[in-house]
Amino acid sequence: MTDKPVELDKHRGMAAQKATDLRRVLAEVESNVRQLREREADLENRLMTVPAASWPEAAVKARYLLNLYAASLPVEDTRHRALVGALFDDFARLGGEG
């Protein structure tokens, strides 16, 4: 009996090793996606339940919603994308960010 663990991946063929690696990466990605969705839900709950105490705080909420909206726009909808960009520029200018 030996205290040294046997590395099973070395005894598999190359195709089996690649398949195992892919399963591991996929499981990690799925876990990250699940964690992201949970954090996103937590953020949205906070945005809904905590009222803004100032205009800059309200702008943070508006930025979040505008980013969601812009992400759903088709690539060819340049007019609405430009409008969202112009509004972000207004937020920055009026908020003293630039």
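Helices here are DSSP runs of H or I with at least four residues, strands are runs of E with at least two, and both are numbered from the N terminus. By that rule the protein has three helices and zero strands, and its elements run α-α-α from the N terminus on. This is a predicted model, in which local features need pLDDT of at least 70 and side-chain atom pairs count only at pLDDT 80 or more, while totals for chains, interfaces and linings use all residues. Residues are numbered from 1 along each chain as its sequence is written, and side-chain values use heavy atoms, with hydrogens and water left out.

Let's begin with the interior. Of the 98 residues, 11% count as buried; buried means under 20% relative accessible area, exposed means over 50%, and partly exposed lies in between (1.4 Å probe, protein chains only). The largest nonpolar core consists of Ala59, Leu66, Ala70, Val84 and Phe91. Such a core is a set of buried Ala, Val, Leu, Ile, Met, Phe, Trp, Tyr and Cys residues joined through side-chain atoms within 4.5 Å. Helices α2 (55-72) and α3 each supply at least two residues of this core, and α2 gives the most, with three. Setting aside neighbours within four places in sequence, Phe91 is in contact (heavy atoms within 4.5 Å) with Ala59, Ala62, Arg63 and Leu66.

Just after α3, Gly96 takes a positive phi of about 75°.

Now for the charged pairs. Side chains of opposite charge can pair when their charged atoms come close. The structure holds four salt bridges, each a side-chain nitrogen of Lys or Arg within 4 Å of a carboxyl oxygen of Asp or Glu. In α3, Arg93 and Asp90 are three residues apart, so about one helical turn separates them; their side chains meet in a salt bridge at 3.0 Å, N to O. Arg93 counts as exposed because its relative accessibility is 53%, whereas Asp90, at 30%, is partly exposed.
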